[in-house]
Every structure is written in structure tokens, then in C-alpha cells.
Amino acid sequence: MHIAKHTPLSSTELGTLWMTYQTKTMMLQIYTHLLEGAKDEEPGQIMTYDRDKAAETVARIKDLFTDAGAAIPQGFTEQDVMREAPRLFDPVFEVMYLRMMSKVFTGLYALYNSMSYRSDIRQLYRRLTMESQEIYDRTTELLLEQGTLIHPPDVTMPREVEFVRDTSYMRGINPFGSKRSLNTVEVGHLYQAVETNLCGMQLMTGFAQGAAEPEVRMYFTKGKNLAKKIVQELSGVLMNSDVPAPAPWAGKATDATVSPFSDKLMMYNTSLLSNFGLGSNALGTAFSLRSDLPALMTSLSKDIFTYAVDGGKLMIKNNWMEEPPQMEDRKQLTRS
């Protein structure tokens, strides 16, 4: 039995649509700048495809909010991008950035789909998930063809099924006990975390160079150092098991000191990635059976959480944090 489209939006649907509006209007403004300088045919086609899909989604969400009698969010506008500004990142990094964001959006929209009840909202998030996967596929293929994306390490294929028969399999914290080699599930989470933070280091470098406010520049510099710390810590775990860590990528920030994006947009983008990092670390912790790995992931998660909280305070201080739709304050309503 389908819930009819005229059924009022639930609180969770209103919240996820509001978040989607923020992310899509942010990407529209980013594409305004990126497409001005896209010279290679394939990256330009990828950007144009995603920009057009984002514009369709923004228009659809506006209709949904209007039909529901809800205020349309501000999101991000043309005031958040400076046309004809110098390139903040080189073309290779721009594609790497799109690949990283497609990972974030694939996870977000799949989650939002599971939080939706109206059939039209579920269909919207299924479509958005597929579009994000399309961007991931196209950017990954392009970077592999260019030789700028390092393939994860190979492994000898298992010859038979094995079962864990000794609790020493989970050993890791005891400094006097030998640590077993990493399993492929653990390598996968570690490798992806290192890869994402290598990209994050370059993103924070560019944001720090271009930010207008000194306090915001300091915040992005702190983010770069945090990403570097995560890369060093997790790469060390991989190397100690003789697993090659991802190498620094060719994509990088330029020498521009003026950003095409507003500080508000860059802060929101950083907040989004910080929250994604927290979720990824939690997932990596849950699937790591060697006891030193959850301990390390938890420690890094505390650093990421503190960084995210500091960013939220900075956004509030500068009046950059748009407030999501709120539930009714029943205590206030019943107060005489």
C-alpha cells in the first residue's frame, strides 16, 4: 500500500529535504565556478551532467516545500561564488573533489531514502543515489585512465574457508603481544580513510589560502593538520602490516590567495565532510576486530568531533548557520 503523494510531509522527510536543498544549492554554486575553467571535455561533461541534475532537484524540492506550505530555505546563492575568480585547485584535484563528494552524497541519499515514507520522496532519493553513483563511476574511471588514482593493494586469493579459533585474533592493544596482519575488511576501511583525508588535506589547503576571514583561515589550517594526522596514523597501521598506503595524489591547490567561494560555503562544505568522517570512522570501528583499531579510530573520532563543534561555533558567530525546521516547543506553547 503506497502512501499518497498528498500525504503531508513527515518531520523526517522535511528535515532530509531541507538538508538536500543545502547540499544541492552548494554544489550549484561550486559548478558555477568550476565550469568557467573546465577545459577538458570529459570533466566538463561530468560537471554539466551533475549541475543539471542538481538544478532539477532544487526545483523539485522548492515545489515540495511550496505544496507543503513550508518556507523555502535560503541555502546557497550566487552571492556565495565570485565569477572569474582565480582557480583555487588544479583540474586533477577538481575531479578528485567531485569523486569524494559523490561518496558523501551516495551515503547520505541512501540514508535519506530509508528515512522516507511517501512514495514520491523515496523515488526522489533513489534517483539521487543513482546520480551520485554515476558521478563516482565516471570520476573514478577518468582518474584511473589518467593514472592519478592509485589502485588499492592486491592480495593473495584465499584457497579455503577459515574460521577464527583463538581470541588472540583480536589482539592489538597489548604492546607485548604480536599483532596479527590486517584482514581485507580492515584494510578497506583504513585505505578509504587515508584516501579521503589526502583529498581533505588539499581541500583545506586551498580553503585556508582563499578564506577572507583570518579566524576562518586558521580553522581551515587546523583542518589540514588534522587530516595530515589521520593520514599519518592510519598509514602507519597499514605499513606495519606491510600494506602500501595510498600515495599523495597529483591533484593539489594552486597558489591563489583569493577564493571563488564565500567563507560561508567553504565552512558548510567542511562541516559536511567532518560529519561524513565521523560516520566513516564509526563504520570502520564497528567492522574492525583487531582491538587496537577501534581504539585508534575512537581517538581520531574525538578529534574530528571537536573540530566539527568548533566549526559550528564559528558558523554561528558569523551568522552562517541556517537553522533547520524545528519541532514545536510544547513547553513554550503550554506556558501561561
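Modeller: A salt bridge is a side-chain nitrogen of Lys or Arg within 4 Å of a carboxyl oxygen of Asp or Glu. The structure shown here is a predicted model.

Biologist: By this rule, how many salt bridges are there?

Modeller: The rule asks for a nitrogen and a carboxyl oxygen within 4 Å. Applied to this model, it gives a count of 14.

Biologist: Which residue forms a salt bridge with Asp120?

Modeller: The closest N and O atoms of the pair are 2.7 Å apart. This pair qualifies because the cut-off is 4 Å. The partner of Asp120 is Arg118.

Biologist: Is Asp120 buried or exposed?

Modeller: Residues under 20% relative accessible area count as buried. Asp120 has a relative accessible area of 7%, and Arg118 likewise stands at 7%. Asp120 is therefore buried.

Biologist: Where in the chain do Asp303 and Lys229 lie?

Modeller: These two residues form a salt bridge, with the closest N and O atoms 2.7 Å apart. The pair links distant parts of the chain, 74 residues apart. Lys229 lies in helix H6 (residues 214-240) and Asp303 in helix H8 (residues 292-317).

Biologist: How many residues apart are Glu42 and Arg138?

Modeller: Glu42 forms a salt bridge with Arg138, and their closest N and O atoms are 3.7 Å apart. Glu42 belongs to helix H2 (residues 41-68), whereas Arg138 belongs to helix H4 (residues 119-146).

How values were computed. Residues are numbered from 1 along each chain as its sequence is written. This is a predicted model: local features need pLDDT of at least 70, side-chain atom pairs count only at pLDDT 80 or more; totals for chains, interfaces and linings use all residues. Side-chain values use heavy atoms; hydrogens and water are left out. Helices (H or I, at least four residues) and strands (E, at least two) are DSSP runs, numbered from the N terminus. Buried means under 20% relative accessible area, exposed over 50%, partly exposed in between (1.4 Å probe, protein chains only).
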